[in-house]
Amino acid sequence: MTITQAVRRLTTGAGPALENRMPRWALYLCVVLGMLIAIPVIVAPFDLYQQMVFGAVIFIGALVMNRWRGHNMTIALSVLSVLVSTRYLYWRVTETLSFDHWFGALLGIGLVMAEFYAWVILLLGYFQTALPLDRKIEILPDDVSLWPTVDVYIPTYNEGLEIVGDTILAAANIDYPAGKLRVHVLDDGRRPEFREFARKVGVNYIVRPDNTHAKAGNLNNALTVTDGELICVFDADHVPTRAFLQMTVGGFLSDPKLSMVQTPHHFYSPDPFERNIRGGDAIPNEGDLFYGPVQKGNDL
């Protein structure tokens, strides 16, 4: 099976469903009931015992709702979170502020404003990630002559060859027609060992007389000496997979208005949480959060 065939198979949706989705009618029922009870739940005065019961009901309800894994239930749990947070904020504003002394009132109002800011950030975060856009891979045509030429830029300045070398080798081995793939090492360090390495592995080596505007200037200089239809930029320590271009270039053919594609990248080294927290490898790291729901939400 070629890489193109494998990509095509991945994008056809083959395979068993992974989510036990909540029935649509149940979702609509939850929305209607939620709208009916939201205001009374937010403003109803509770004594300590009633508040404890309310908290226990919310907690147990969230555990039960979490049985249905999927986007709909994520939205429902987000709404529940906003409901509880809004009730807390309403209680803070209506029952905890004291104006008996100006200094105490000033401190109290300042704290409530900070909590209100946190509540706004919570709402914006849920809004930002409520409907992540899950883009599918656009398959390249079977006729390879229709594939665009790609110039791959690898800018470097003071990174060691033991780091950049892996990136260069991986880029040179991307599964793409040889006549349409051109890899360029943009060396602002002007190092002879980089020039020799590029020659040995069969990639182009580009330098300029000065380092004006640093990395941006390095990239702009390369634009004046290359002529590929598309430009792919890898950082010095980015090691691409062989299928990278076949999984990204197709969008430029299917959408003539497309000008840029950004992809996630994954770290080989564990982050501080994964290193220092027991069970950290089972917790999504910051990169998974950013390139998952956050960037997909921004994309929408």
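**Reading charged pairs**

Me: At 28% relative accessibility, what does Asp235 count as?

Reply: Asp235 counts as partly exposed at that 28%. Buried means under 20% relative accessible area, exposed means over 50%, and partly exposed is in between (1.4 Å probe, protein chains only). Keep in mind that this is a predicted model, where local features need pLDDT of at least 70, side-chain atom pairs count only at pLDDT 80 or more, and totals for chains, interfaces and linings use all residues. Residues are numbered from 1 along each chain as its sequence is written, and side-chain values use heavy atoms, leaving out hydrogens and water.

Me: Which residue forms a salt bridge with Asp235?

Reply: The general idea first: side chains of opposite charge can pair when their charged atoms come close. The rule here asks for a side-chain nitrogen of Lys or Arg within 4 Å of a carboxyl oxygen of Asp or Glu. Asp235 pairs this way with Lys215, the closest N and O atoms being 2.5 Å apart. Asp235 sits in the loop between strand 4 and helix 9 (250–254) and Lys215 in helix 8, so the pair links distant parts of the chain, 20 residues apart. Helices (H or I, at least four residues) and strands (E, at least two) are DSSP runs, numbered from the N terminus. Lys215 is partly exposed, at 41%. Elsewhere, shared partners join Asp134, Lys136 and Lys296 into one network of salt bridges.

Me: Are Asp187 and Arg191 buried or exposed?

Reply: Both Asp187 and Arg191 are buried, and their side chains meet in a salt bridge (2.8 Å, N to O).

Me: How many salt bridges does the count come to?

Reply: Eleven.
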